[in-house]
Structures are given as C-alpha cells and as structure tokens.
Amino acid sequence: MNEAKEQAKEVICQIIAAAGGELKKKVALYKAFYYAHLYYWQECEGTLTDYPIVKMPQGPGIDDGSKLLQELESEGRIRIEYEPE
C-alpha cells in the first residue's frame, strides 16, 4: 500500500500542477483524480495507481484524501490555504 500511496501523491501533485498550481475545492481534486484513472484505463489499458477510490456523497473520492493532502503539505510538496466561501 505504501507504493500505491506514493503513486497517489504524485498523481495529486501532477493534477495540481496541470491546474496551474492551484485548485479551489477539494472535490475538484477528487474528481480529477478519478477521471485521470478512468482516462488512463481507457488509453493505456492498465491502472494509473492502485490507490483506492471511494464512493462519497458528492461522487468518487480519494480514500483518506485529507490525510494524503496533509502528508503532502508536511513534506513541503503542496501548500493548503483555507478561504471562506
């Protein structure tokens, strides 16, 4: 699972980079993660990562996504800021 977790972190960083370095909502990241896996499956006929994608109230999400994001922030790979809506 450790390798899958590191792969998931890398995919998350790549998604954020592809979005210009900023995503406003966590749900957008979760959707992009899910669609990246679907696209990879269709185009490459394999799995992008083995990290679990889970069912959530607003659609598919990253299993323990908040924990992964906290780890990425503590590693200095991303910065998380909170803004009121």
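In the predicted model, Pro 52 is located in the loop that connects α2 to β1. With a relative accessibility of 27%, Pro 52 counts as partly exposed, and its C-alpha atom is separated by 9.2 Å from that of Lys 5, a residue 47 positions away along the chain. The loop between α2 and β1, the latter spanning residues 53-56, also contains Glu 45. The phi angle of Glu 45 is near 55 degrees, a positive value in a residue other than glycine. This value stands out because most residues other than glycine have a negative phi. Glu 45 counts as exposed, since its relative accessibility is 72%, and the threshold for that class is over 50%.

A second residue with this backbone feature is Asp 64, for which phi is likewise positive and near 55 degrees although the residue is not glycine. Asp 64 belongs to the loop that leads from β2 (59-62) to α3 (65-74). Its relative accessibility of 47% places Asp 64 in the partly exposed class. At the other end of the helix, α3 is followed by Gly 76, whose phi is also positive, near 80 degrees.

Helix α1, comprising residues 2-18, packs against helix α2, comprising residues 26-44, at an angle of about 115 degrees, and the two axes are 10 Å apart. This angle makes α1 roughly perpendicular to α2, the range for that description being 65 to 115 degrees. The crossing of the two helices is right-handed. On the side of α1 the contact is formed by Ala 8, Val 11, Ile 12, Ile 15 and Ile 16, and on the side of α2 by Leu 29, Ala 32 and Phe 33. By residue class, the contact of α1 with α2 consists of eight nonpolar residues, with no polar and no charged ones.

For α2 and α3, the axes come within 12 Å of each other and cross at roughly 100 degrees; these two helices are therefore roughly perpendicular to each other. Lys 26, Leu 29 and Tyr 30 of α2 make this contact together with Gly 65, Ser 66 and Leu 69 of α3. The residues involved in the contact of α2 with α3 divide into three nonpolar, two polar and one charged.

The contact of α1 with α3 comprises six nonpolar residues, no polar residues and three charged residues.

Within α3, the buried residues are Gly 65, Leu 68, Leu 69, Glu 71 and Leu 72. These residues cover an arc of only 160 degrees around the axis, which puts them on the same side of α3. Gln 70 and Ser 74, by contrast, are exposed on the other side of the helix. The buried residues of α3 pack against α1, α2 and β2.

Gln 7, which lies in helix α1, has a relative accessible area of 29% and is partly exposed. When residues up to four places away in sequence are not counted, Gln 7 touches Leu 48, Thr 49 and Asp 50. Between the C-alpha atoms of Gln 7 and Leu 72, which are 65 residues apart in sequence, the distance is 12 Å. Leu 38, in turn, lies in helix α2 and counts as partly exposed at 40% relative accessibility. Leu 38 is ten residues from Leu 48 in sequence, and the C-alpha atoms of the two residues are 8.6 Å apart in space.

Note on methods: Residues are numbered from 1 along each chain as its sequence is written. This is a predicted model: local features need pLDDT of at least 70, side-chain atom pairs count only at pLDDT 80 or more; totals for chains, interfaces and linings use all residues. Side-chain values use heavy atoms; hydrogens and water are left out. Axes are lines fitted to C-alpha atoms, for helices over the stretch in contact, and angles run from 0 to 180 degrees between N-to-C directions. Helices (H or I, at least four residues) and strands (E, at least two) are DSSP runs, numbered from the N terminus. Angles under 35 degrees count as roughly parallel, over 145 as roughly antiparallel, 65 to 115 as roughly perpendicular and the rest as oblique. A crossing is left-handed if the near helix is turned anticlockwise from the far one by less than a right angle, and right-handed if clockwise. Contact means heavy atoms within 4.5 Å. Ala, Val, Leu, Ile, Met, Phe, Trp, Tyr, Cys and Pro count as nonpolar, Asp, Glu, Lys and Arg as charged, and the others, Gly among them, as polar. Buried means under 20% relative accessible area, exposed over 50%, partly exposed in between (1.4 Å probe, protein chains only). The arc is that of the directions from the helix axis to the C-beta atoms.
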